[in-house]
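Morning, everyone. Please look at the screen while I walk you through this one.

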Amino acid sequence: MANFNTHLNVAFMVSGTLSLTVYKAGLIDDSGFLVCVALGTIGGLLPDLDSDNSTPIKLGFNITSFIFAFGLVMHWRSDLSLLALIVLWLAGYGFMRYVVFHIFTTMTVHRGVIHSVPYMAILGLGLTCLSYYGAQLPLTTSWFYGLFLFGGAMVHLSLDELYSVNLSNMKMKRSSGTAMKFYKHDDKWWYLLLYTLLAILVYMAPPFEAFWAQLRDPAPWAQLKVGILPELIKSMLQ
């Protein structure tokens with residue numbers, strides 16, 4: 001399968017290109033452009049969360065542990081002494097980084113249900129719902145956020161499948177089919193849960209018709225065509 005740097009760089013390039021396209025079309029603002037690039041890049045790392053020794057899972061748990069410990073200290077800052085706060089800080093960080101991390105890695109198997117299309121679709125739709133209903137963001141922005149996260153994950157899964165082909169003699173490696181998967185019989189109960197959650201999120205999702213209508217509106221894409229080439233190149237072509 002592709003390594004960490006490959007996933008990171010390709011996801012960044014794809015999400016950056018697509019984000020810049022919809023930004024130049026006027027479909028997202030400045031901050032939306034930056035967030036979409038970030039979400040697409042993060043999505044390109046998400047499927048490897050089930051790998052015990054992967055860089056994304058270690059980095060993710062380090063950041064989560066820090067935030068958890070910081071939250072504990074901020075919550076109890078007025079009630080505890082300095083020494084107690086220091087102990088609470090270290091205990092909170094250690095609990096998340098080592099206890100919760102150990103439980104998570106014990107319960108997950110690399111290229112299991114996390115490394116699948118429906119799991120990534122749940123994360124993408126969940127972010128769309130959270131952005132629209134929770135953060136009260138505009139409909140178009142919310143859908144773009146979820147789609148960029150999901151799209152980055154699809155880039156990851158596609159790269160893993162591409163790397164499962166031995167191009168020198170055009171043979172499939174043993175890892176072929178273990179990345180871009182929709183179902184695995186050995187995990188049928190997990191997949192039943194995944195598709196149940198996915199159906200609930202589809203039902204709860206913000207109106208897609210309005211978002212799709214905006215994408216089909218020719219006005220933004222006409223605006224994109226106007227500024228697609230630099231003036232210097234335009235003058236050379238005339």
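How many helices and strands does the protein chain have? Ten helices and two strands. Both are DSSP runs, numbered from the N terminus: helices are H or I with at least four residues, strands are E with at least two. Along the sequence, the pattern reads α-α-α-α-α-α-β-β-α-α-α-α.

A word on where this comes from. This is a predicted model, where local features need pLDDT of at least 70 and side-chain atom pairs count only at pLDDT 80 or more, while totals for chains, interfaces and linings use all residues. Residues are numbered from 1 along each chain as its sequence is written, and side-chain values use heavy atoms, with hydrogens and water left out.

Now the whole chain. Of its 238 residues, 37% are buried. Buried means under 20% relative accessible area, exposed means over 50%, and partly exposed is in between, with a 1.4 Å probe and protein chains only. Next, contacts, meaning heavy atoms within 4.5 Å. Take the contacts with a separation of 6 or more: 70% of them join residues 24 or more positions apart.

Let's zoom in on helix α6, residues 139-162. Its 24 residues reach 34 Å from first C-alpha to last, close to the 34 Å expected at 1.5 Å a residue. That expected span is 1.5 Å times one less than the number of residues. Is α6 largely enclosed or largely open? It is largely enclosed by the rest of the structure, because 19 of its 24 residues are buried.

Histidine 156 sits in α6. Its relative accessible area is 0%, so histidine 156 is buried. What does histidine 156 touch, leaving out residues up to four places away in sequence? His7, Gly44, Leu45, Pro47, Asp48 and His115. With glycine 44, the backbone oxygen lies 2.7 Å from a polar atom of the histidine 156 side chain.

Next stop, glutamine 214, in helix α8, residues 208-216. Glutamine 214 has 32% relative accessibility, so it counts as partly exposed. Leaving out residues up to four places away in sequence, glutamine 214 touches Leu27, Thr140 and Pro220. Glutamine 214 and threonine 140 are 74 residues apart in sequence, yet 8.1 Å apart in space, C-alpha to C-alpha.

Last, leucine 193. You'll find leucine 193 in helix α7, residues 188-204. Why does leucine 193 count as partly exposed? Because its relative accessibility is 42%.

Note on methods
Polar contact = N/O pair within 3.5 Å; in protein donor to acceptor, adjacent residues only side chain to side chain.
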